[in-house]
Amino acid sequence: MKPLERQNVIIEMAKKHEVVQVADISRICQVSEMTIYRDVQKLEQAGHIHKTSRGITALRQKQTSEESCSYCHKPAGGRLAVQLVFKDNTQEKACCSHCALLRYTEKREDTVQILCRDFLLDTTINAKHAAFVINSELPLFCCSPQPLVFQRQMDAERFAAGFGGSICSFEEAVSKLTQDMSCGCSVTYR
Ligand SMILES: [Zn+2]
Ligand SMILES: [Zn+2]
């Protein structure tokens, strides 16, 4: 068995069982325990497994970045979550439009699309053509200030008439957020 094959066996065994012993692995791979120790050392350095006094355990794989906000690292699975699509076809999630717009300022050139949900209709819309309401009196849902997103200008106006806040375009919302860094996002979470 080649080293890479052995290392895969070790990882698979550690994943399957809670703890595996070097002796068991060496028997299965038919190599000396010394060889397995060396493999284990490499795998531990690479962050795949962890060696304790009880044996070898698999390290839980990091959550994919899709599930946490690429700007503030909070979970990004709620209905306020926004998806950013980049030129190279990679995607990121932001917990809310606040973080999505701030992330956009970092990756402006590479951003192809920003997909978010209409605050009223819950439909998926393109943030670049949306209307935003900032600083409404509604209690905040995620990060502050929270730009609420509407596909139709009319809905944004109606909303602002009821709950206050100022209506702005995508670029206006971006510049408002970058001016107002009192949200603490970048300080607290980065
Ligand atoms: Zn965030
Ligand atoms: Zn947020």
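This is a predicted model: local features need pLDDT of at least 70, side-chain atom pairs count only at pLDDT 80 or more; totals for chains, interfaces and linings use all residues.
Reader: Which residues hold the zinc ion (ligand 1)?
Author: Donors here are N, O and S atoms within 2.8 Å of the metal (3.2 Å for Na, K and Ca), and water is not among the atoms, so sites may look incomplete. Along the chain the donors of this zinc ion follow the spacing C-x2-C-x22-C-x3-C. At 2.2 to 2.3 Å, the coordinating atoms are the SG atoms of C69, C72, C95 and C99.

Reader: Which residue bridges the two zinc ions?
Author: The zinc ion (ligand 1) and the zinc ion (ligand 2) lie 3.7 Å apart. The residue that bridges them is C95.

Reader: Is C96 buried or exposed?
Author: Buried means under 20% relative accessible area, exposed over 50%, partly exposed in between (1.4 Å probe, protein chains only). C143 has 3% relative accessibility and counts as buried. C96 has 0% relative accessibility, so C96 counts as buried.

A note on conventions: residues are numbered from 1 along each chain as its sequence is written, while chains are lettered from A and ligands numbered from 1 in the order in which they are written. Local features need pLDDT of at least 70, side-chain atom pairs count only at pLDDT 80 or more, totals for chains, interfaces and linings use all residues, and side-chain values use heavy atoms, with hydrogens and water left out.
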